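Trainee: I would like to learn how to read a structure like this one. Where do we begin?
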Amino acid sequence: MRRRLIKNLIARPVTEPRPAAYGTELEALGERLRGAVARTLGASLTIREVDAGSCNGCELEIHALNNAFYDLERFGLRFVASPRHADVLMVTGPVTKNMREALERTHRATPDPKWVVAVGDCAVDGGMFAPSYAVAGGVSAVVPVDLHIRGCPPNPRQLLEGLLALLEKAEG
Ligand code: SF4
């Protein structure tokens with residue numbers, strides 16, 4: 001036990017360093033985002049994620065925004081558990097008929113002004129799931145959408161670029 005404790009105390013972390021070039025680009029993007037958040041909202045941008053029927057591929061990329069590599073909170077973005085605390089609804093997937101009412105209720109529960117960001121090709125028009133009997137359509141078939149971020153799935157960098165475009169458009 002003591003040997004293991006000493007070994008753990010002197011061992012180096014087993015994580016890999018992130019690529020230097022990509023880190024620099026990410027920092028620049030993050031700084032632009034932080035500035036846009038400060039100018040439009042003052043402090044932070046809060047996001048409520050809604051899975052309206054996705055395959056969860058888009059969720060994996062969205063979750064990555066919170067990992068140690070991207071760490072988006074340092075740029076002033078935060079995921080929240082309730083739509084009542086959200087500025088942005090980030091919606092993934094085709095909207096299934098079973099999730100339609102939940103999405104409508106979540107939209108109504110989000111205070112104005114609010115933005116809806118549809119994430120992934122399925123969120124645009126149902127994508128590969130569009131012909132299914134269980135699908136109501138893309139997100140805009142159910143609630144008004146302010147921004148589509150395409151991709152299957154879009155990667156975290158594309159998500160950050162999309163949010164930046166949304167804020168810069170709001171700035172006018
Ligand atoms: S866009 Fe791709 S990853 Fe996202 S929900 Fe559709 S199939 Fe899955």
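Mentor: Begin with residue classes. Ala, Val, Leu, Ile, Met, Phe, Trp, Tyr, Cys and Pro count as nonpolar, Asp, Glu, Lys and Arg as charged, and the others, Gly among them, as polar. By that scheme, the shell around the ligand has 7 nonpolar, 4 polar and 1 charged residues. Before we go on, note that this is a predicted model, where local features need pLDDT of at least 70, side-chain atom pairs count only at pLDDT 80 or more, and totals for chains, interfaces and linings use all residues. Residues are numbered from 1 along each chain as its sequence is written, and side-chain values use heavy atoms, with hydrogens and water left out.

Trainee: Which residues are around the ligand?

Mentor: A residue is near a molecule if one of its heavy atoms lies within 4 Å of it. Here the list includes Ser-54, Cys-55, Cys-58, Asp-121, Cys-122 and Cys-152. Helices are DSSP runs of H or I with at least four residues, strands are E runs of at least two, and both are numbered from the N terminus. Helices α3 (57-64) and α5 (121-125) each supply at least two residues of the shell.

Trainee: Where is Ser-54 placed, and is Ser-54 buried or exposed?

Mentor: Buried means under 20% relative accessible area, exposed over 50%, and partly exposed in between (1.4 Å probe, protein chains only). Ser-54 sits in the loop between β1 and α3. With a relative accessible area of 16%, Ser-54 is buried. A polar contact is a pair of N or O atoms within 3.5 Å; within protein, one must be able to donate a hydrogen and the other to accept it, and residues adjacent in sequence count only if both atoms are side-chain atoms. The side chains of Ser-54 and Glu-59 make one at 2.5 Å. A polar atom of the Ser-54 side chain also lies 2.8 Å from the backbone nitrogen of Asn-56.

Trainee: How many salt bridges does the structure hold?

Mentor: Side chains of opposite charge can pair when their charged atoms come close. A salt bridge is a side-chain nitrogen of Lys or Arg within 4 Å of a carboxyl oxygen of Asp or Glu. This structure holds 11. Take Asp-121 and Arg-150, with their closest N and O atoms 3.9 Å apart. Asp-121 is in helix α5 and Arg-150 in the loop between β7 (147-149) and α6 (156-171), so the pair ties together parts 29 residues apart in sequence. Asp-121 is partly exposed at 27%, while Arg-150 is exposed at 51%.

Trainee: What about pairs inside a helix?

Mentor: Glu-31 and Arg-34 meet in a salt bridge at 2.7 Å, N to O. Both lie in helix α2 (residues 20-41), 3 residues apart, about one turn of the helix. In α6, Glu-161 and Arg-157 are 4 residues apart, again about one turn. Salt bridges with shared partners join Glu-25, Arg-157 and Glu-161 into one network.

Trainee: What is in the largest nonpolar core?

Mentor: In soluble globular proteins, nonpolar side chains tend to be buried together. A nonpolar core is a set of buried Ala, Val, Leu, Ile, Met, Phe, Trp, Tyr and Cys residues joined through side-chain atoms within 4.5 Å. The largest one here has 28 residues, and those with the most contacts inside it are Leu-45, Leu-77, Val-117, Val-119 and Leu-163. Its largest share, 6 residues, comes from α6. Apart from this core lies another, of 12 residues, with Leu-103 and Ala-123 among them.
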